[in-house]
Amino acid sequence: MSSSRPSWSDRKLPAFFTRWRAEWKDEELAPANYLDFEGGLRFVLAAAWLFCPETVEYRGCVFLKDRFGQDNIDNWFTTLDGDRERIEAVVNHVELWSVFNNTPLTDDDHLGEELPQLALALGESWQGILATRYPDREITVEVSDEEDGSYGPTVTFWTSPVPSVFG
């Protein structure tokens, strides 16, 4: 899976949810019901930072605030010869396996198998949010899942100035 225009169109309900719904013997229950029954508001509030991240601008680039470090960025400018798009892509690279480092991904819930869907949802959210925040920039969000499994599902983005119609 690799996409520079993420679209979460093939939605499948997670296995843990379908089991939960079966336990309640109510096929009409939706994911929003799960959040209410299981006290999910705390998790949704925390997830807002993942789906609607804070960003900072520095040296003509846009970075995720929680991944921003001025010295680190300055080093990438040197290493990547000032290539702003590559610098943004490297710094803004989020590996979902790392985000959920303390969550068992291979237990009975098979949550690791759900991460590609989460990556697409995250990428689609970032695309819209960043395009709204930075209308003077072209936003590219890339969602990928390494074929060799080395990084798992990842999301990153980079920006470039929108060309002026006046030249």
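This is a predicted model: local features need pLDDT of at least 70, side-chain atom pairs count only at pLDDT 80 or more; totals for chains, interfaces and linings use all residues.
How many nonpolar, polar and charged residues does the lining of the largest pocket have, by class?

Residues are numbered from 1 along each chain as its sequence is written, and side-chain values use heavy atoms, with hydrogens and water left out.

Let me begin with the overall layout. The protein has seven helices and six strands; these are DSSP runs numbered from the N terminus, with helices being H or I of at least four residues and strands E of at least two. From the N terminus on, their order is β-α-α-α-β-β-α-α-β-α-α-β-β. Along the principal axes, the C-alpha atoms fill a box of roughly 60 × 35 × 30 Å. Of the 167 residues, 32% count as buried, where buried means under 20% relative accessible area, exposed over 50%, and partly exposed in between, with a 1.4 Å probe and protein chains only.

I now return to the opening question. The lining of the largest pocket has 22 nonpolar, four polar and four charged residues. Here Ala, Val, Leu, Ile, Met, Phe, Trp, Tyr, Cys and Pro count as nonpolar, Asp, Glu, Lys and Arg as charged, and the others, Gly among them, as polar. A pocket is found on a 1 Å grid over the protein atoms alone, as an open set of points where a 1.4 Å probe fits, with protein on both sides within 12 Å along at least five of seven lines; lining residues have an atom within 4 Å of a point. The volume of this pocket is about 1,300 Å³, that is, the space filled by probe spheres set on the points, with grid points joined across faces, edges and corners. Among its 30 lining residues, Phe16, Leu35, Ala47, Phe51 and Leu118 lie nearest the centre. Two or more lining residues come from each of α1 (15–24), α2 (31–37), α3 (41–51) and α7 (111–133).

Phe16 also takes part in an aromatic pair with Tyr34. Rings of Phe, Tyr and Trp (its six-membered ring) pair if their centres lie within 6.5 Å; planes under 30 degrees apart count as stacked, over 60 as edge-to-face and the rest as tilted. This pair is edge-to-face, at 5.3 Å centre to centre and 65 degrees between the planes. It joins helix α1 to helix α2, across 18 residues. Phe16 is partly exposed, because its relative accessible area is 24%; Tyr34 is likewise partly exposed, at 23%.

Leu122 touches Leu50, Phe51, Leu96 and Val155, not counting residues up to four places away in sequence; contact means heavy atoms within 4.5 Å.
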